[in-house]
Amino acid sequence: MKYCSDCAAPLSLKVPTDDARLRHVCDSCGSIHYQNPRNVVGSISVYGDKVLLCKRAIEPRLGYWTLPAGFMELGESTSAGAARETMEEAGAVVEMGPLFSLLNVPHAEQVHLFYLAQMINPDFCAGEESLEVALFSENEIPWDQLAFPTVKQTLIWFFEDRAKGLFNDSSPIALRTRDIDPSERI
């Protein structure tokens with residue numbers, strides 16, 4: 001049973017007036033307790049022609065490689081969150097670029113946003129949530145050891161766009177987006 005954070009009364013699932021979805025509604029005070037997706041923010045951090053990846057030290061997907069990313073915190077922008085996560089997980093200072101990919105993961109109640117980022121220098125180290133951190137060229141990426149389909153899709157798009165020369169001029173970067181199906185779980 002769930003309880004109201006305002007008055008501690010039980011919550012019921014019902015469709016509130018002027019709404020079309022089932023919500024948790026307080027039986028006593030009428031407060032609606034919305035549940036919304038969580039934002040995962042991260043970066044495609046590049047130094048030279050290599051991309052920074054972190055080997056996860058935590059579940060889910062302990063021991064698998066990922067882009068530095070994590071949950072956005074209240075009071076920060078998505079790009080600031082991506083820079084913070086890059087520092088926390090990889091010890092890397094980056095100059096944030098444009099938003100590159102937005103992937104909806106409805107079955108996990110998440111939205112993943114990855115920004116292009118340029119590493120200021122080649123210094124990095126494993127943070128508390130990383131076992132290891134390394135720079136990889138495209139042909140060195142451990143594709144069969146990637147933690148999440150959102151990371152794999154973002155890296156595929158990144159290397160495709162880089163091969164087309166889309167990052168070589170000052171042209172705007174096209175945002176890549178799609179939905180991840182539950183069957184795509186790695």
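Start with the second largest pocket, which has a volume of about 380 Å³. A pocket here is an open set of points on a 1 Å grid over the protein atoms alone, with protein on both sides within 12 Å along at least five of seven lines, whereas a cavity is a set where a 1.4 Å probe fits but cannot get out; lining residues have an atom within 4 Å of a point. Grid points are joined across faces, edges and corners, and the volume is the space filled by probe spheres set on the points.

Before you click further, note that this is a predicted model, in which local features need pLDDT of at least 70 and side-chain atom pairs count only at pLDDT 80 or more, while totals for chains, interfaces and linings use all residues. Residues are numbered from 1 along each chain as its sequence is written, and side-chain values use heavy atoms, with hydrogens and water left out.

Now select R21, Q35, N36, P37 and E109: of the 16 lining residues of the second largest pocket, these lie nearest its centre. Strands β2, β8 and β9 each give two or more residues to this lining. Helices (H or I, at least four residues) and strands (E, at least two) are DSSP runs, numbered from the N terminus. By class, the lining has seven nonpolar, six polar and three charged residues. Ala, Val, Leu, Ile, Met, Phe, Trp, Tyr, Cys and Pro count as nonpolar, Asp, Glu, Lys and Arg as charged, and the others, Gly among them, as polar.

Next, select residues 23–26, which form strand β2. This strand belongs to an open sheet of three strands in the order β1-β2-β3, with antiparallel pairing. At the edges are β1 (11–14) and β3 (32–33), each pairing on one side only. Two strands pair if DSSP finds at least two bridges between them. β1 and β2 are joined by four bridges, and β2 and β3 by two. To see individual partners, show L13 with H24, then V25 with I32 opposite in β3. The hairpin of β2 and β3 has five residues between the strands, and G30 there takes a positive phi near 85°.

Are the faces of β2 covered or open? Both are covered: R23 and V25 on one side, and H24 and C26 on the other, are all buried. Buried means under 20% relative accessible area, exposed over 50%, and partly exposed in between (1.4 Å probe, protein chains only).

Move on to the largest pocket, with about 600 Å³ of space. Select R56, P60, Q110, H112 and F148, which lie nearest its centre among 30 lining residues. At least two lining residues come from each of β7 (69–71), α1 (78–90), β9 and α2, and α1 supplies the largest share, four residues. This lining has 15 nonpolar, six polar and nine charged residues.

Keep H112 selected; this residue is found in strand β9. Is H112 buried or exposed? H112 counts as buried because its relative accessibility is 8%. Leaving aside neighbours within four places in sequence, H112 is in contact (heavy atoms within 4.5 Å) with V40, S101, L102, L103, V105 and T150. Try the distance tool on the C-alpha atoms of H112 and G70: they are 42 residues apart along the chain and separated by 8.9 Å.

T150 leads on to helix α2, where T150 is one of the buried residues. Select residues 149–163: this helix has 15 residues and reaches 21 Å from its first C-alpha to its last, close to the expected 21 Å. The expected span is 1.5 Å times one less than the number of residues. The buried residues of α2 pack against β4 (38–47), β5 (50–56), β6 (65–66), β8 (94–105), β9 (110–119) and β11 (176–179). After the helix comes G165, whose phi is positive, near 80°.

Finally, zoom out. The protein has two helices and eleven strands, and its C-alpha atoms fill a box of roughly 60 × 35 × 35 Å along the principal axes. Of its 186 residues, 40% count as buried.
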